[in-house]
Amino acid sequence: MITKHKQKGATFVFWVFFASLIGFLLMLGVKLFPVYYKGFTTEKIIEDIALEMNGKKPNKKQLWESINKRLNINGVYGVSKDHFIYSKTKSSAEFGLDYEVRVPVIANLDAVAKFDQRQTIIFKK
């Protein structure tokens, strides 16, 4: 006969499963943190340039050079001119970065982070 005293607590299999789950989540966090940190950095760069250029009429080349300079200063690599977006109307310009980052997790399983950061500059009349 099994008594209540012997039925207390979690089994060894449960603790191994729980430790594996915590380890996997911790590993995923360690791999994804730099990706999101760089994503937040690029978002801040775009916002700062929009504030700096507001009221001015920058062209595509000036905006990209400003973004690229700040990306290099902040150590953000993997973002190229192909990811740069620019569209202009008579009264404003919209610009930003649209890119994705793939991080290998386990074997052929990848985590994908997609970033689309855009800002609008309104020209002075």
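Two strands count as paired if DSSP finds at least two bridges between them. With that in hand, here is a friendly tour of this predicted model. Its strands β1, β2 and β3 make an open sheet in that order, with antiparallel pairing. Helix α1 lies across β2 and β3, while helix α2 lies across β1, β2 and β3.

**The sheet as a whole**

- The open sheet holds 3 strands, ordered β1-β2-β3.
- At its edges are β1, residues 84-88, and β3, residues 109-122, each of which pairs on one side only.
- On average, neighbouring strands of this sheet are turned by 15° against each other, with direction ignored.

**Where β1 meets β2**

- Strand β2 covers residues 92-106 and runs antiparallel to β1, with 5 bridges joining the two.
- β1 and β2 form a hairpin, and 3 residues sit between them.
- Moving along, S87 stands opposite E94 in β2.
- K88 has A93 of β2 as its bridge partner.

**Where β2 meets β3**

- β2 and β3 are joined by 14 bridges and run antiparallel.
- The hairpin of β2 and β3 has 2 residues between the strands, and in this hairpin A107 takes a positive phi near 50°.
- Two pairings make handy landmarks here: L97 stands opposite Q117 in β3, and S92 stands opposite I122 in β3.

**How the two helices pack**

- Helix α1 spans residues 12-53 and helix α2 spans residues 60-74; the two pack at an angle of about 140°, and their axes are 10 Å apart.
- Angles over 145 degrees would count as roughly antiparallel and 65 to 115 as roughly perpendicular, and α1 and α2 are therefore oblique to each other.
- The crossing in which α1 passes α2 is right-handed.
- On the α1 side, the contact is made by T41, T42, I45, I46, D48, I49, E52 and M53.
- On the α2 side, L63, S66, I67, R70, L71 and N74 make the contact.

- α1 runs at about 170° to β2, lying across β2 and β3.
- α2 runs at about 150° to β1, and it lies across β1, β2 and β3.

**Aromatic pairs**

- There are 8 aromatic pairs in the structure.
- One of them is the pair of F33 and Y37, which is stacked, at 6.0 Å centre to centre and with 25° between the planes.
- F33 and Y37 are separated by about one helical turn because they are 4 residues apart in helix α1.

Notes. Residues are numbered from 1 along each chain as its sequence is written. This is a predicted model: local features need pLDDT of at least 70, side-chain atom pairs count only at pLDDT 80 or more; totals for chains, interfaces and linings use all residues. Side-chain values use heavy atoms; hydrogens and water are left out. Axes are lines fitted to C-alpha atoms, for helices over the stretch in contact, and angles run from 0 to 180 degrees between N-to-C directions. Angles under 35 degrees count as roughly parallel, over 145 as roughly antiparallel, 65 to 115 as roughly perpendicular and the rest as oblique. A crossing is left-handed if the near helix is turned anticlockwise from the far one by less than a right angle, and right-handed if clockwise. Contact means heavy atoms within 4.5 Å. Rings of Phe, Tyr and Trp (its six-membered ring) pair if their centres lie within 6.5 Å; planes under 30 degrees apart count as stacked, over 60 as edge-to-face and the rest as tilted.
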